[in-house]
Amino acid sequence: MTLQVKSHKWEETISVSKAQIISNAGGIRMGLKVSCGNPCSTSNKFPQGRTLGAPVSGKIGYTDSIKAFKSHGTASRYAFTFLKAGYTPGGFAYSSASYRCDDTYAKKPGQQRARQRPGCVFPQVTPTLTDMAGLPNIGPGIKKIQARGGHYGRPGSGHPLHYLTDKAKSDANRRAVCAGKTAPPGSAGPSCDEYPFASTREGGTALPAASRGITWVPVRENNRQGGMINKFELGNRLLNGDAFWVKV
């Protein structure tokens, strides 16, 4: 199954390999029902009633009719049935890994368009932000801060960052560490860049002083970083509290 971050429709291919038939197992016919839970629906194109033995495959189409500004988690349930005249029907069922669909980036009043179309992700996968390794001042600054305290955000540290969607809290985090400060002589620029990011639960003064810090950078570089975070948020459909790593 390959989910789509910019579409609420996707599909998967299910294949059943050749079965070894022994004793009286010949002539068993197989069926498959797939469901995914409201508001998700499926379109089943898997061949039904094929005699078990030869390989068979088919596609399952999905449509998640998630409403604007909503999200929900679900999983696919696969129920196989096996029928043969004169014998008790058999079968088994199992579920896929859980996945999440949302339309939290829907168009708001006053906006010309939505930030992004609805889509779906596997939320148990923790994504890694790597773009900032190329920023000449911010990248080394993050690396230096990650080497201290609990190594927050660094892959393998056991302490990922957690995305924060509340803009008021993000602004408060930024003020808590940057407000009233000026760049010292010899700094790369006048812009205060904080890590962990203000748009995380670990931002501001949430962590001990040894686990956070600031880097003085050019305004243009700080703006580039903002664009990278925005792109990463949309590309991974981060919702409030979602974990992620930062590799520099």
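In the predicted model, the loop between β1 and β2 contains S23. This residue adopts a positive phi of about 55 degrees although it is not a glycine. S23 counts as exposed because its relative accessibility, 73%, lies above the 50% cut-off. A positive phi also occurs at F69, again a non-glycine residue, with a value of about 70 degrees. F69 is placed in the loop between β5 and β6 (71-74). With a relative accessible area of 42%, F69 is partly exposed.

Cis peptide bonds were also identified in loops. One joins N38 and P39, with omega about 10 degrees; P39 belongs to the loop between β2 and β3 (40-44). Another cis peptide bond links Y195 to P196, where omega is about 0 degrees. The loop that holds P196 runs between β13 (191-195) and β14 (213-217).

At the level of the whole protein chain, the secondary structure comprises 3 helices and 15 strands. The radius of gyration is 25 Å, whereas the globule rule gives 18 Å for 248 residues; the chain is therefore more spread out than a compact globule. The C-alpha trace spans about 90 × 40 × 25 Å along its principal axes. Of contacts between residues at least 6 apart in sequence, 70% join residues at least 24 apart.

Burial was examined next. Of the 248 residues in the protein chain, 40% count as buried. In soluble globular proteins, nonpolar side chains tend to be buried together. The largest nonpolar core consists of 20 residues, and W10, F46, Y62 and Y99 have the most contacts inside it. At least two residues of this core are supplied by each of β1 (9-16), β2 (29-35), β5 (56-64), β7 (77-83) and β9 (99-102). Apart from this core lies another, of 19 residues, including L129, L135, I229 and F232.

The surroundings of W10 were considered in more detail. When neighbours within four places in sequence are left aside, the residues in contact with W10 include M1, T2, L3 and Q4. Further contacts of W10 are made with C40, I60, G61, Y62, D64, Y99, C101 and C120. Two of these partners, Y62 and Y99, are themselves among the residues with the most contacts inside the largest nonpolar core.

The protein chain exposes about 13,600 Å², of which carbon and sulfur atoms supply 52%. Its charged side chains number 34 positive and 14 negative. The centres of these two sets lie 6 Å apart.

Terms used. Residues numbered from 1 in each chain as written. Predicted model: local features only at pLDDT ≥ 70, side-chain atom pairs only at ≥ 80, totals over all residues. Heavy atoms only, no water. Core = buried A, V, L, I, M, F, W, Y, C linked by side-chain atoms within 4.5 Å. Buried < 20%, exposed > 50% of the residue type's maximum accessible area, 1.4 Å probe, protein only. Helix = DSSP H or I, 4+ residues; strand = E, 2+ residues; numbered from the N terminus. Contact = heavy atoms within 4.5 Å. Rg over C-alpha atoms; globule rule 2.2 N^0.38 Å. Areas by Shrake-Rupley, 256 points an atom, 1.4 Å probe, with all protein chains shown as cover. Lys, Arg positive; Asp, Glu negative; His and termini not counted. Charge placed at Lys NZ, Arg CZ, Asp CG, Glu CD.
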